[in-house]
Amino acid sequence: MKIRYWDTNLKLRLIGEGLFNMLFWMYFPFITVYFSGAFGKSIAGLLMTVPPLFSLLGSLIGGALSDRVGRRPVMLFGALFQTIMFALFALSGSPWIDYIAFIGIGIGGAIYRPASQSMVADLAPPKELREIFATFTTANNLGAILGPLLGAIFFFHYRQELLWTCAAVMLGYFIAIYFILHESMPIKVEIQEKRPISSELKDQWKGYGIIFRDKVFLVYIIAGIFSLVAIMQLDLYLPVYIINHVPGQALFTWNHWSFQISSTEVFGWVLGFNGLLFVLFILPVTKWFGHWKERNVFILSSLMAGGGTFLVGLNSNIWYLFFVTIIFTFGEMVRSPVTQSFISRYAPENARGQYMGADSLQYTIGKFLAPITVFLSSWIAPMGIFTIILGFSLVSIVFYHLLFRLLKEHQTAA
C-alpha cells in the first residue's frame, strides 16, 4: 500500500513521529551512561528499573481510555505531557530532577502509544498491516542513523539545547494533532450519564482482568518479556560495556593517516549502523519473511538477538562489532512488524485499545528486568553478563513454542 494512498492520520503520524525519533536517538541511548556517571552503576541499574513501572501504568490507562474517549484525545494528552517533561529536563539543575523528568517522558509516551498503534490498526487494511507497521519502523529508525553520532557530542556538551529542541518538536506535533488529526475509533461508547472516575477506573481494570485470563495472550506477553531483555541491551548494557571496555581506535586507516574515534563514539557508530540497517532492510525483510509462519519468525528473532548480543563480548574491534550488530539487529528487525500485526489481528475490535495497552506490558516489564545487567555488571565480568542475556533469549524460544501450540488448540476449539 503506497504512502500517498494512506489516510491523513497515518501520514501525519509518520512525519511527526519520524522527526521526533531523530531527536530521541540523540539522548536516549546515553541516558544510562549519564545516570551511571551521576549515581554510580549499581544505583543507576536499580533506578532504571523504576521508569518502566510508571510506563506500565501509563500504558494500561492510555489503552483503556483510548477505547472510551477515543484515540485522538489520548494522543493529545500524551504529547502535551511529554512536552512539559522535556521542558522540566531542560530547566533542571539536579540529576534527581533529571531522573523525575525522564520518568515523566516515559509516562507520556506510554499513554500516547496504545492509542497511536490502535489508530494504525483502525485505519490500515488487515492485509497491509505488516507493511504499514514496517514503514513506521523505517521512519522511526531514520533518526537512528545520525542521532547517536550527533548525540555522542550534543548530549554531553549541549544537553540543555538538545532537550529544548525536543520540547519544541513535541509541542509542534501536539499542535498538528489538534488541528489535523481526526478520530478513528470504530465504535463509540455513548455514556448516558456521568459516572464517578472511580467507577470508570474500576471498569477499566475489570477489562484488563478479562484480558489477562486469556491464556494465549498471557503466554505471548511472557515470551515477549524474555525476548526483549536481549533486544533492549542496545540502550542499557551495551553503551556501558562499550564505553568502559572497548578502547578508542581507528575507524579508517590510509597510509600514515587514520580516523580515530573514542569509546563513546564507537558506541555512537554502532548505534548509527543499527539504525542504518533498519532503514535499508526493514521493508525488504518484512517482504522476505511475509510468508513465514509467525512462530518461526519469533523463534528466529530471539535466537539472532540473543546470540548476536552474546557475540559482542568476544572482540573489541569496531569492524567485528559492526558484524555482530548485523546479527542482533536482524533479530530485532524480523520481530517488530510481526509482533504488531499479530496483536492487531488477535485483539477483538471492541477492545483493541486495551489489548494494545496490555501488549505494551512485554516492553514495560522487559524494561524493568533488562537493567539488571547494568546492576550486576559491578560484580560480574562482561562475558557473564552476555551469557545471562543469551539465557533470556533461549527461555523466550521455549515460551514462543508453547504460545503457538496453545493458539492452535484455541483456534481448533473455536
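**A close look at Phe20**

Setting aside neighbours within four places in sequence, Phe20 is in contact (heavy atoms within 4.5 Å) with Tyr27, Gln82, Phe86, Cys166, Val169 and Met170. This is a predicted model: local features need pLDDT of at least 70, side-chain atom pairs count only at pLDDT 80 or more, and totals for chains, interfaces and linings use all residues. Residues are numbered from 1 along each chain as its sequence is written, and side-chain values use heavy atoms, with hydrogens and water left out.

Phe20 belongs to the largest nonpolar core, which has 77 residues. Such a core is a set of buried Ala, Val, Leu, Ile, Met, Phe, Trp, Tyr and Cys residues joined through side-chain atoms within 4.5 Å. Buried means under 20% relative accessible area, exposed over 50%, partly exposed in between (1.4 Å probe, protein chains only). Phe20, Tyr27, Ile31, Phe35, Phe86 and Val312 touch the most other members. A second, separate core has 35 residues, including Leu56, Ile299, Ile397 and Phe404.

Now Ser36. It sits in helix α2, residues 31-39. Helices (H or I, at least four residues) and strands (E, at least two) are DSSP runs, numbered from the N terminus. Ser36 counts as buried because its relative accessibility is 13%. Leaving out neighbours within four places in sequence, Ser36 is in contact with Lys41, Ala44, Val240 and Val374.

Finally, the whole protein. It has 18 helices and two strands. Buried residues make up 55% of its 414 residues. Among contacts with a separation of 6 or more, 84% join residues 24 or more positions apart.
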